[in-house]
Every structure is written in C-alpha cells, then in structure tokens.
Amino acid sequence: MSLAQGGRRRSAGSRPPEHPPPPGRSIHRATTGLLLLLVALVLLSLVIGTGGSPVGRAWDFLLGDPAARADAQIRLAVMDVRLPRTLAALLVGTCLGAAGCLLQAATRNPLAETGLLGVNSGAAFAVVVGLTSFGADSPGALLVWALAGGMAAGAVVLLFAGSGRTAGSPLRLVLAGSALGATFHGCTSYVLLGTSSTFDTYRYWTIGSLAGVEISDLVPLLPLAALGLLTALLCTRPLSALGLGDDGARSLGHHPGRIRLVVTGAVSLLAGCAVAVAGPIAFLGLLAPYAARALTGPRMTAQLVLSALIAADIMLLADILARIVIRPWETPVSVLLAFVGGPLLVWIARSSKLSTAGAEA
Amino acid sequence: MTDPTTAPARHFPEAPRPGAVDVTPPDSTVLRGGTLSWLLPRRSVLAAALLLPAVVVLTALAVMASSTGMSLSDTLSGLLGTGDPGTVMIVRDFRLPRVFAGLMVGAALGIAGCLTQTLAGNRLATPDLVGVNDGATAAVVAAAAGSTTGMVGAWWLGPIGAVAAAAVVVLCAGGAGSAGYRVLVTGIGVSTFIGAVSDLIMSRENDNTAGGVFLWAVGSLNGRDWAVGTPLALVLLLLVPLALAVGHRLQLLRFDDDVAASLGVDLRRLRAVALALAVALAGTAVGVGGPIAFVALAAPILAQRLAGPTRVPVTGSALTGAALIAAADALGRVAAPVELPVGVVTSVLGGPFLLWVLLRPDRATGKA
C-alpha cells in the first residue's frame, strides 16, 4: 500500500515523535468515555420517543415511581416498544463493529466492510425469495429469511476463499466476497424487476429500521452473536500475529490461511445477525473500525473492543435521532446512520490519525 | 561536470556498448529505429491482440442477438441496407447504436476502474467509492422526483451528478493530490451521505417513480440510440488518449513522492489528474448505462491477469470492459423470455466468472 506508507512518512516528519503519549492510558480513557456515553444513550433511548408519553414520565418509570409504574401506557412505551429497540441497536452495533474490525484486519484492507462477504446481498436475496415464493411478509419471517440467507452466503464465500492453492489469502477473500455479493445482488434485481409488489416491501426492508422489533425476535439471535463475539475475542492474538505478515505469523506457529477462514466465519455470523435485525447496513462496519484504529493504533484487542463500543454508540444515537428528527414520523435508521456517519468518516479521514489507520493496509 | 538534466541526449552512444548491462525489463522487447527506440511490453501487447478480436466477435454477436433469432446473413444484409426494411431498421437504428453505446460504456468503466485501483493500490477501489454512482443516482432521483411523470431524466444528468459528487469528495478530502487513500475514505463517507439523501427522496415517492428509478439504477442500455452514442463517442475521444498517457505514468506510483520527484514527476498532480479522468469516464458511463455493476471492478483485474503484474493495464481494461458489456447485453436479450437489463447480467454472471479466474492461479505470477 504505497500511498498509505507515503502518507505515514510525511506525517511522521511533520510531528516530532520524541515524546509520544503512552497509548495505554488514552485507550483506557477512550473506553471509559465510550462506555459512559453508551449508558447515557441507553437511558435516553428508553425515555425518548413518540406515543404520548412525556420524557419526565418515562424517567419516573425508570426510577421506580409507583404512580408511573402503574401507568399502563408508559409501561407499554418503555418496556414493549423502546426496550427491544434499544437492545436491537446494541446488538446490531456491537456485531457490526466487531465484525468490521475483524474483517479489515483479516483482509488487510481498510476499505473492507461486512457487506463484502456477501452476507448483505445474500440476506437481501433470501428476503426477496421469501417474499415472492413463500409469502413471508411479517417482520419476524423476514428476519429468519435474512439470517438464513446471510449465513448461507457467508458460508459459500468461505468455501470459495478457502479452496485452491492460495486458500485464505486476503486478496482471495476480498474478491470471492465481492464476486458472490455481486451475483446475489444481480439475482435480487432480477426477481425484483418481475414483481412490483415485492419491490415495494423490499425497498422498505432494505432501508433498514429498528421499529417494530420484538424481544422474541432477538432472543434466538443472542447465542449466535455471543458465539461470534467469543470467536472474535479468541482471534485477536492470532490476528495480531498476522499483522507481522504471513511469514512472521507462520514463524510464530500460526496458520495464516486457517486464521482468516475462522475469522471470516465469525464475521459472517456477526454480520448475519446484524442484517437480520436491521437490514443491510454495511457502512457502520467500515466506519467503526476506522474510528477505533485512529484511537488505538495496531493493538488488536483494544481495536476490537473500541470498534464494537463505537458502533453500538453510533447505532443507538442514530436510532434515537430516527425517532425525533421528523416527529411524529420515523426516519429510516440507515439514512440517519449515513447522515451521522458520513461526516464523521470524513472528519476521521481528515484528522492526522489517518496515517496510523491507513498503515494497516 | 555536466548537469545530467541538461546534457544533450546525443552524447550517449546510439548502439549499446559492448559489455553494457542489459536493462530491458524481462517481458519486453526493444524496438530500435535509428535514434528512436520503443520498449514493447510483449505480454500486454499479446493480451491486446487476443482481446481485440474477442471484442469484435462479441460485438457481432451482440448485434445479432435477439429473442426472435436473427441469422448472420440477415444481420449483414441489415447492416448493408440490402435486407428487408424491418431488419434494416432493427439492425441500423436500434441494435447498432445500442451495442456501440455499450462498448463505450464498458471501455469507460474499465479504464476508470483501472485508474482508481492503481491510484489506491487496492483491488476494491472502484470509481463508485468516490461518489460517482451515488452522485449520478442522486441527480437522476432528484429529477425523477421533481417531474410529474416519474420518468427518469436525460442521460447527461448522470455525469453532472457524478462530477459534482466527486468535487465535493475532493473538497472534503482537502485536495485530490494529497493522498489517494484519504480521497477514497472521504469518498465512502460522502457517497453514503448522498446515497441516504436519494433513499430519503425515494422512500417518499410513489411506486411508479421508485420502479422507474430502480430500473435505471440496475443499469440498462435499453433505448440508447445515436443521440446518446454520438456525444458519448466525442467525450471518450477526448478522455481515452489522456487516460492512456496518464496510465503509462501511473507505473511510477510504485515509487514514493521523493523518488518520483527526482525522476521529474509531480506525483500529486499525477494523482489528481488520474482521479479526475476516472471520475469523468465513470460519470459519463453511469449517465448512459446507469450504474452497471461489477465491470469497473472486474475488468482491470482480468486485464491485469492478461497483461502481467508490472503493467498498468489501461488498454486491456478498456477492451475487457467493452467485451464484458457487449457479452452481457447480448446474453440479456436471448437468455430469458423477458429482456434482462445489462446490469443484472454483469452482476449475476460476472461474479462466477471472476471466481473461475480466481480459482485458476496465474502461472506467470503465481498470485491468486
């Protein structure tokens, strides 16, 4: 990645490196700050919303005020509408942040995002097939189709990427993912061109929204997401070794191809859960690791944790904004995510930290 | 001591000195004629020589291909104007301009993809990352939403939207020459933003408009006639030679800025020019054919396979792109009972095709 290296060299020249701040402390500070922000956003997410329930009343309900607890309307708004949404935003954000971080490290490509593994387009194709051929139109049914399609697509990409003489090489992963992703995308377009009624449902699904999510939809996803996150954490050490280059990793006793395949398996699990809940939101999986890398530098575990935290924060913020921007209507969360995240990514790209981020490539 | 930059070239011996080190690159032949010499890259010339007839054959097939079946002699007589008037009209007024537009769209996408991939040193870097597709789509969507008929507007809206979006990207990134990578990442941010604006507009439109824009956004060459093909050809006539010249210089990107400066090249300006060319080419192509998926990504990769790893395969990418579009357009007309838009065919078949290429490792480079 000659350009990135050139950028690093230049910025290293402009900033004297004699007294670099100890990175550990700034990472801790960032983690604490993001966690506090997350708690604040969760509380906000529970008290803010439409439906004739004022913020103060919801706050009383959370504090356990008996009068508010007895109010059925507030209970409905907080417990049955806002709590599932909040949990869904946390789940989607954490999954996408972690998945994006892993994928960018495994493919050594800072432009990689979770949609790359074909998970998003596979999910979209499955949703369209479910809509046209199997009459699935409830949010719960679409969620099941999306999950199944996303995971199946991820598995196919893994099969292709893991075969052949150069099994598991970064370029092979990236290209197999975008090739199959394009194929699924084309199949989706083909089906949609024929049936306009499906297109109408599809265009709302693809915009993505957390409205109407129910706890019962989320529960089956939790073990999958947990498995993905656990694998992700276990993979951080081998992935750090991969940062030394394939030969370096081999000399430490790792198998680069095998690590990448396990990692991409975890990524498709995580991205599958996210796409099932919130539709194909690819952007967050690119943005959060980028921001995390700007804060942590090359430390893999810190990167993973911060990336998940940042993504959860952004997702919650976007969902809260989605409820209040054009009250009393809802804005699609992916649109708000783009409105919040687009400028944020531009800002990170412009900040001096980019040199550290690009050097990973 | 003579300054080497001002020393006249005739001080150097015209024939290689006996015992001089041969500095000819391994896959090249030097052609000499008097004081002129030309480094002929054997492998990429061979690749072009193979690709050119492939494009010609595919073009012929694309002109012939129809759901009703048209024989070679019918096509020829239509082309020459000797056949029955119906055939002549189909071949000359519908098929030929459309295939022609498709070839140019493919070439433009291929070159644009080649330039961006080389600029970023990243196989995933396509022009749509700098906002070309989203800018063009936003312009078309805004026009469709504004009109009462819900019809998709004129093709030139695409390039204008694309160039505007790319200009915003470059402004936000703080200049195109600064670092290719910063432009790309900024481009993703900006194009996500612009895409969200189009999504927002679309979610408030009725089904008719949404369907019309969707058909355009899949990428289709349907109804592209000489009124589109002629200005497109003029634009490409201007841009492609520039791209060829720039592509040749882009091989210097392997060096860093200081080395390049000592070779007399301003890499920042080179990057800026290459990016501008990529945006202009891709924007024009998107305006004519819609954001046809995959060609800008796959054509340079395939061309690189053919041309070998040391080249920036601009010509090869153009030919590969043109061949891909011609083949996809022809297939879309015969493969299904209804005509498939070219974008659907490129993405459905392009994926497996690229995989097939990937599964056969390149013998010459050993790379996947």
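Predicted model: local features only at pLDDT ≥ 70, side-chain atom pairs only at ≥ 80, totals over all residues.
**Notebook: chain A and its contact with chain B**

Started at the interface: 51 residues of chain A are in contact with 61 residues of chain B.

**Interface, continued.** I looked up the buried area next. Between chain A and chain B about 4700 Å² is buried, and carbon and sulfur atoms give 73% of that. On the chain A side, the elements that give two or more residues are helix H1 (2-14), helix H8 (170-194), helix H9 (196-207), helix H14 (283-296) and helix H16 (333-350). Which of them gives the most to the side that touches chain B? H8(A) does, with 16 residues.

Then I checked the polar side of things. How many salt bridges does the rule find across the interface of chain A and chain B? I got zero. For polar contacts, the count between the two chains is two residue pairs, both at pLDDT 80 or more.

**Chain A by itself.** I went back to the overall fold. Chain A has 17 helices and zero strands. Of its 361 residues, 54% count as buried. I also looked at how far apart in sequence the contacting residues sit. Among contacts in chain A with a separation of 6 or more, 73% come from residues 24 or more positions apart.

Leu63(A) is found in helix H3 of chain A. Is Leu63(A) buried or exposed? Leu63(A) counts as exposed because its relative accessibility is 60%, and the cut-off for exposed is over 50%.

**A loop glycine.** Last stop was Gly243(A). Where is Gly243(A) placed? I found Gly243(A) in the loop between helix H11 (221-242) and helix H12 (246-251) of chain A. Gly243(A) has 62% relative accessibility, so this glycine counts as exposed as well. I also checked Gly243(A) against Pro298(A): the two are 55 residues apart in sequence, and their C-alpha atoms are 8.3 Å apart in space.

Definitions and conventions
Residues numbered from 1 in each chain as written. Chains lettered and ligands numbered in written order. Heavy atoms only, no water. Helix = DSSP H or I, 4+ residues; strand = E, 2+ residues; numbered from the N terminus. Buried < 20%, exposed > 50% of the residue type's maximum accessible area, 1.4 Å probe, protein only. Contact = heavy atoms within 4.5 Å. Buried area = accessible area lost by both parts, 1.4 Å probe. Salt bridge = Lys/Arg side-chain N within 4 Å of Asp/Glu carboxyl O. Polar contact = N/O pair within 3.5 Å; in protein donor to acceptor, adjacent residues only side chain to side chain.
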